[in-house]
Amino acid sequence: MAKLEEIRAAEARLLLSTYDRNPILFVGGEGVHIIDENGTRYLDLLTGIGVNALGYNHPAIAGTIARQSQKLIHTSNVYYHEGQAELAVRLTERTGLDRVFFANSGTEAWEGALKLARAYAGLKRSEGAKVGTKFLALEQSFHGRTFGSMSTTYKEKYRTPFAPVVPGVEFVRFNDVADLRAKFSSEVCAILVEAIQGEGGIRPLTQEFFAEARALADSAGALLVADEIQSGMGRTGKWCAYQHYGIMPDVTTLAKPLAGGLPLGAVLCTEEVARVMHAGMHGSTFGGGPLACAVGIAVIDSIEKQGLLKHNTEVGDYFQQRLRRLATRHETIVDVRGRGLMLAAELDSADLAKLTVAEMLKRGILINCTSDTVLRFLPPYILEHSHVDTAIAALDEIFTQHAATHSAQSGGKQHG
Ligand SMILES: *Cc1c(COP(=O)(O)O)cnc(C)c1O
């Protein structure tokens, strides 16, 4: 504990206070567990917000990092290395898109997507089409913290301190087809979606809304851009969440689990969109370095070797079914939703949601809360039924205890 207190005091003095950290000091991990300085093992159902998808100390990731770090860590994109094309083959085959640009993070991949959309609209205009520069984003969207990404992110608290934001962004009510139709026009260069909103509370698009976005974009030469940074790379049981809908975007972005914990992002697009990019228009010093790419290749190969897409669907369905059964016992759970291992239980109280995260932590289980009332589960792909059972039992105990205290406080009124 002394060490943690020392670090807390030092950080409080030295770091920008951007994070409200939980008072735990992690030093290691193994499989589905992350381990603190006292050797306490936590069942990690958050995985560094969807990053550590293969769990901790995965032999393929650790081995690849060890080998590649002794060969080559960085080259600069002014030269070739082996990794980018090899990873790009895998990504294009699995996403159904044609070309890739590698970045270092989610927000940076998303900036690339926005730049592609604006540049492509410019190309179309030069070819005589009537396409504007406006972006339609969705309410409750989250696309990152840099200027373009932040400007297309819905929550005002992320945008207003940094005003003025990038102009030309309008927000459409989530899954509201009439609002989408009303706001769409030839001024729009791209419709921006997450097939399943992550930060916004694990909210899937309806088939109807997604299809309408595709149809509107097609009708006017605008692009449909899908942010798969949280939902992509197999988490939902398919490589990209849009594949559940049978709808192809023109552009997509990947990041969080892409390189097993190393920073790597990617923006992918069709051949048609790719023709707008020329040497020098976009770039990155670190993006797609040899180390990150080698690990990205190992992640994809491991997901396939271990049969994890099918596994995510199977264990995710089990998890969701257990959450639904829990909801029948506790009326504080007002909704259960998600797909594969991207799951949420929405509660009727923000206070209880916060308390639940803290109580789960005390019981050695990491989850988090998003959108105030939504308990979010982004477990590692190697999750087993027994881990689900552990989590459900802990939630059951927390809600039962809470209901008991609550009913005692409110004079014995039954609740859940
Ligand atoms: C996390 C996230 C981002 C931003 O990724 P960073 O790596 O934190 O910049 C963008 N879009 C979605 C959907 C995300 O979940």
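Which residues surround the ligand? Before I answer, please note that the structure is a predicted model.

The ligand is surrounded by Ser-105, Gly-106, Thr-107, Phe-142, His-143, Gly-144, Glu-194, Asp-227, Ile-229, Gln-230 and Lys-256. By residue class, this shell divides into two nonpolar, six polar and three charged residues.

Let me turn to individual contacts with the ligand. An oxygen atom of the ligand lies 2.7 Å from a backbone N or O atom of Thr-107. At Phe-142, a polar backbone atom is 3.3 Å from a nitrogen atom of the ligand. Gln-230 takes part through its side chain, with a polar atom 2.7 Å from an oxygen atom of the ligand. On its own the ligand has 390 Å² of accessible area, and the protein covers 82% of that.

I continue with strand β7, which spans residues 188–193. Six of the six residues of β7 are buried, so the strand is largely enclosed by the rest of the structure. Strand β5, residues 134–138, pairs with β7 in the parallel sense over three bridges. Strand β10, residues 223–227, also runs parallel to β7, and four bridges join these two strands. Leu-136 stands opposite Ile-191, and in β10 the bridge partner of Ile-191 is Leu-224.

My next topic is strand β17, residues 374–377. Val-374 and Arg-376 point one way from this strand, while Leu-375 and Phe-377 point the other way. All four of these residues, Arg-376 included, are buried. What is the sense of pairing between β14 and β17, parallel or antiparallel? Strand β14, residues 342–347, pairs with β17 in the antiparallel sense, over four bridges. Within β17, Phe-377 has Leu-343 opposite.

Strand β16, residues 368–370, likewise runs antiparallel to β17, and three bridges join them. Here Cys-369 stands opposite Leu-375. Strands β16 and β17 form a hairpin with three residues between the strands, and in that hairpin Ser-371 takes a positive phi near 55°.

Finally, I would draw attention to Glu-359, which is placed in helix α13, residues 350–362. Is this residue buried or exposed? Glu-359 counts as buried because its relative accessibility is 15%, and the cut-off for buried is under 20%. The side chain of Glu-359 makes a polar contact with the side chain of Arg-363, at 2.7 Å.

Note on methods. Residues are numbered from 1 along each chain as its sequence is written. This is a predicted model: local features need pLDDT of at least 70, side-chain atom pairs count only at pLDDT 80 or more; totals for chains, interfaces and linings use all residues. Side-chain values use heavy atoms; hydrogens and water are left out. Buried means under 20% relative accessible area, exposed over 50%, partly exposed in between (1.4 Å probe, protein chains only). A polar contact is a pair of N or O atoms within 3.5 Å; within protein, one must be able to donate a hydrogen and the other to accept it, and residues adjacent in sequence count only if both atoms are side-chain atoms. Two strands pair if DSSP finds at least two bridges between them. A residue is near a molecule or strand if one of its heavy atoms lies within 4 Å of it. Accessible areas come from the Shrake-Rupley method with a 1.4 Å probe; for residues, only the protein chains shown count as cover. Ala, Val, Leu, Ile, Met, Phe, Trp, Tyr, Cys and Pro count as nonpolar, Asp, Glu, Lys and Arg as charged, and the others, Gly among them, as polar.
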